[in-house]
Amino acid sequence: MKLPKWRKLRTLALLFCAITVTTFLFTFTFWDPSSRFYKHPFHLLASSKGQCACQQCMTELEDDDAWFTERFNLSVHPLMTRDNSALSDDTFNWWQWLQSESRPANFSEVVDELFQVIPDEVLYMDAGPERCRTCSVVGNSGNLKGSQYGRLIDSSHFIIRMNQAPTAGFEEDVGSRTTHHVMYPESAIDLDNATMLVLIPFKTLDLQWIISALTTGTVKYTYVPVKSRIKANKDNVLIYNPTFFKYIYESWLEGHGRYPSTGFLSLMLAVHICDEVNVFGFGADQAGNWHHYWEDNLLSGAFRHTGVHDGDFEYKVTQLLADKHKIQMFKGR
Ligand SMILES: *[C@@H]1O[C@H](CO)[C@@H](O)[C@H](O)[C@H]1NC(C)=O
Ligand SMILES: *[C@@H]1O[C@H](CO)[C@@H](O)[C@H](O)[C@H]1NC(C)=O
Ligand SMILES: *[C@@H]1O[C@H](CO)[C@@H](O)[C@H](O)[C@H]1NC(C)=O
């Protein structure tokens, strides 16, 4: 077919435009700005089998995943809502025994009051082929010191820290963003307006404390003096569900220790609400020493064997999750 010259030129120009636009769209479709990875479409096809939109998905099963599937149960909600707040007698008795109170307040009345102060929403239980939620769980180990993990930690969608966990002055090693801060009344710190406060309650009084700490400030003492007020956004408060707490203890720790540590509970929260979990600052440093990254003095051996937590068993389970590619462990220095 013989086209006039101007039509040839127009066809070429159109073709050029089409290629440019396609390349542009393609690049932006697969470039995830919140992640350090360029998501090549062949990786998406090859690796995640449609369980989620990340390269690695929590719910994606490998051949030898019996150990994982026997334990992993997505129908136990990690966070408390009005609807899932009713505890079975079994759960209530176990939970109330953790830090036994002599005369606990009426649990359902306290929960009722709680959800008048904080929002009642089902969050994060939206796993599916469209979702890629990457999470950094940041423990407080001294192995973070000099690790230069800051940028890597900050590149996840969620950055979960716990207890004191200062970032100011340690940004290069621990990062600066915090989306979720896990704490209990005795370890509470002030947060900025955007950070989610995740409270782990060990007793009914802890729920009364969070109500009070966000409003009147009347609860000043649990079994030790506690902060009577806390700086945090009431709309960003989440409560770790006691039913989930017990499930973690029984299914994952098989009853080892008296109850799971904050670190393990935070890790397990991530395993249940994230598609990709990166773990930092857990365990001893390379020299086998235990300390916090913000302190120079070493923690005594008693720290690992308090009788409350079974650190060795928790570490074994964490290592198994890493071996089975469910989480990635960054061991620092
Ligand atoms: C998962 O948890 C739900 C709710 O507690 C329970 O009914 C169900 O039996 C559990 N599934 C497995 C496989 O353990
Ligand atoms: C707690 O309060 C509710 C509602 O006010 C009541 O129905 C329930 O019997 C109370 N439970 C206990 C153990 O006193
Ligand atoms: C904190 O966030 C809330 C929304 O959750 C907003 O209404 C409020 O203005 C913010 N406060 C500050 C001091 O930024």
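In this predicted model, helix α4 meets helix α9 through Asp90, Thr91, Trp94, Trp95 and Leu98 on the α4 side and Pro242, Thr243, Phe245, Lys246 and Tyr249 on the α9 side. The axes of α4 and α9, the latter spanning residues 242-252, come within 10 Å and cross at roughly 80°. That angle makes α4 roughly perpendicular to α9, because angles from 65 to 115 degrees count as roughly perpendicular.

Helix α8 covers residues 204-214, and ten of its eleven residues are buried, so α8 is largely enclosed by the rest of the structure.

The side chain of aspartate 206 reaches the backbone nitrogen of phenylalanine 202 at 2.8 Å. When neighbours within four places in sequence are left aside, aspartate 206 is in contact with Gln99, Pro185, Glu186, Leu199, Ile200, Pro201 and Thr222.

**The chain as a whole**

The protein chain contains eleven helices and seven strands. It has 333 residues, of which 48% count as buried. Among contacts in the chain with a separation of 6 or more, 63% are made by residues 24 or more positions apart. The accessible surface of the chain comes to about 16,800 Å², and carbon and sulfur atoms account for 55% of that surface.

**The ligands**

Three ligand surroundings may be described in turn. Ligand 1 is surrounded by Asn73, Ser75 and Val76. On its own, ligand 1 has 360 Å² of accessible area, and the protein covers 26% of it.

The residues around ligand 2 are Asn106, Ser108 and Glu109. Taken alone, ligand 2 exposes 360 Å², of which the protein buries 24%.

Around ligand 3 stand Asn193, Asn233 and Asp235. The accessible area of ligand 3 on its own is 370 Å², and the protein covers 26% of that area.

| Ligand | Residue | Distance |
|---|---|---|
| Ligand 1 | Asparagine 73 | 2.3 Å |
| Ligand 1 | Serine 75 | 3.3 Å |
| Ligand 2 | Asparagine 106 | 2.3 Å |
| Ligand 2 | Glutamate 109 | 2.7 Å |
| Ligand 3 | Asparagine 193 | 2.4 Å |
| Ligand 3 | Asparagine 233 | 3.0 Å |

For ligand 2, they involve asparagine 106 and glutamate 109, and for ligand 3, asparagine 193 and asparagine 233.

Technical notes:
Residues are numbered from 1 along each chain as its sequence is written. Chains are lettered from A and ligands numbered from 1 in the order in which they are written. This is a predicted model: local features need pLDDT of at least 70, side-chain atom pairs count only at pLDDT 80 or more; totals for chains, interfaces and linings use all residues. Side-chain values use heavy atoms; hydrogens and water are left out. A residue is near a molecule or strand if one of its heavy atoms lies within 4 Å of it. A polar contact is a pair of N or O atoms within 3.5 Å; within protein, one must be able to donate a hydrogen and the other to accept it, and residues adjacent in sequence count only if both atoms are side-chain atoms. Accessible areas come from the Shrake-Rupley method with a 1.4 Å probe; for residues, only the protein chains shown count as cover. Buried means under 20% relative accessible area, exposed over 50%, partly exposed in between (1.4 Å probe, protein chains only). Helices (H or I, at least four residues) and strands (E, at least two) are DSSP runs, numbered from the N terminus. Contact means heavy atoms within 4.5 Å. Axes are lines fitted to C-alpha atoms, for helices over the stretch in contact, and angles run from 0 to 180 degrees between N-to-C directions. Angles under 35 degrees count as roughly parallel, over 145 as roughly antiparallel, 65 to 115 as roughly perpendicular and the rest as oblique.
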